[in-house]
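This report looks at aromatic rings and at what surrounds them. Please keep the sequence and the structure in view while reading.

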Amino acid sequence: MRSIVILMVCAAVAGAQSDSIAVGEFRQQVSTAFTVDDGLPSNDIQTITVSGTGDAVEIYAGTVEGLVKYAEGRWSISNAFPSAALEVVHGLRDPKGLLVVRDGELISLDEEALKPIASVPGRVAGNHARAIVAGPTSGTNLFLLADDGVYRIGARNVEIETTLRTQAGYESSMFALAASSESDNLTLAVGSETGLFIYKERAYDWKHSFPSDGHRSWAPTNVRGVVYDSENRLWFASPQGVGRFDGEWTLYTGAEGLPYNDFTCIAAGTDGDVWFGTTKGAIRFDGETWEYRQGKRWLPNDEVRAIAVDDAGGAWIATAG
C-alpha cells in the first residue's frame with residue numbers, strides 16, 4: 001500500500017502532583033499515514049508541497065491519478081487536474097497559490113482557476129521537470145529545473161542557463177534546484193550528476209563548487225538534493241555525504257553521525273533543521289542530532305519521493321509505498 005505520511009512534533013508535559021516534580025516539556029514526533037481510505041485517489045504519490053501559512057495552510061500532493069489538496073483536516077481531489085500525473089507541484093507561501101508542471105506546460109493554479117504561464121521549449125519535451133523555484137523578490141523570474149538544465153521563466157520568454165549546461169556537461173542530468181532567500185542578490189544552487197553548481201547574480205555566473213572542510217576536499221557527484229535552510233545556509237546531499245555552507249563548509253559523513261547516504265531529496269525545516277529523503281527512510285538533522293525515520297513505525301514505505309515542511313514544523317513525506 002502506498003501513501004503519504006506526516007511527522008508532527010507534539011509536546012507532553014509532566015504535571016505537578018503532590019508526589020512528583022514538574023520537569024518541563026518533552027517534544028515527541030508522531031507519524032500519521034494517509035491512504036486511499038482517507039480520500040486519496042491513489043496511494044502512488046510522486047510530489048508534495050505546502051501552500052500558504054498559519055490557519056490558511058494547504059498541502060498539495062501530485063499522484064498518478066491527479067492532484068489532491070489537504071485542508072481543514074481532509075483531502076479533496078482537485079477538479080483542475082483529475083486523473084493527471086503531474087511532474088512538479090510548487091506551493092507559494094505568499095501570496096498563496098500553486099505552480100504545476102504538466103505535459104511541458106507551467107501553470108498557475110489559484111482556487112481551481114488555471115493560468116498558463118509558459119510552455120517548456122521543445123528540446124525539453126520528454127525531459128522530466130524536477131523543480132520550480134522563485135527568486136527572493138517579486139521582480140525575480142521563476143526558474144524551472146528539467147533533466148537537461150535550468151530554465152529562466154520570463155514574462156515573454158523561456159531561456160536555458162547556457163553556462164550551467166557548459167559547466168555541468170551537456171550529457172549531465174540535473175536533480176535539484178534551490179534559491180537563496182537573500183533579498184538583494186539572486187543566488188541559485190543546482191545539484192547534478194556531475195556535481196554542485198552555484199550562481200550568484202552580479203558576482204559570478206555558474207561555478208562548479210568543490211566543498212572543503214579542514215583536511216577534506218570533495219568533488220561530489222550525483223548531488224540529489226540542494227536547499228537553503230531557514231537561516232539561509234546552503235545544504236547539499238550526495239553519496240559522498242552532506243555539506244552545509246555558512247561562510248565556510250562543514251561536511252558530514254557516517255563518522256559525524258550521518259545514518260544513510262542514498263539520497264532522493266532534501267527540504268528545509270522551520271528552525272534551521274533539514275530533512276533528507278532517501279531510498280531507505282527519512283532523516284532529520286538539527287545541527288547536532290541525526291534522527292533516522294525508517295520502517296513501518298514511521299513510513300508505509302522506505303522509498304521517499306519528496307518532503308515538504310509546513311510552518312508549524314510538520315514534515316509531509318511522499319513515499320512509494
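A residue is called buried when its relative accessible area is under 20%, exposed when it is over 50%, and partly exposed in between, with a 1.4 Å probe and protein chains only. The model is predicted, so local features need pLDDT of at least 70 and side-chain atom pairs count only at pLDDT 80 or more, while totals for chains, interfaces and linings use all residues. Residues are numbered from 1 along each chain as its sequence is written, and side-chain values use heavy atoms, with hydrogens and water left out.

Rings of Phe, Tyr and Trp (its six-membered ring) pair if their centres lie within 6.5 Å, and planes under 30 degrees apart count as stacked, over 60 as edge-to-face and the rest as tilted.

| Pair | Centre to centre | Angle between planes |
|---|---|---|
| Phe-34 and Trp-75 | 5.7 Å | 75° |
| Phe-236 and Trp-249 | 5.5 Å | 75° |

Phe-34 belongs to strand E2 (residues 25-34) and Trp-75 to strand E6 (residues 74-82), 41 residues apart, where strands (E, at least two residues) and helices (H or I, at least four) are DSSP runs numbered from the N terminus. Phe-34 is buried, with a relative accessible area of 10%, and Trp-75 is buried as well, with 7%.

Phe-236 lies in strand E22 (residues 234-238) and Trp-249 in strand E24 (residues 249-252), so this pair ties together parts 13 residues apart in sequence. Both Phe-236 and Trp-249 are buried.
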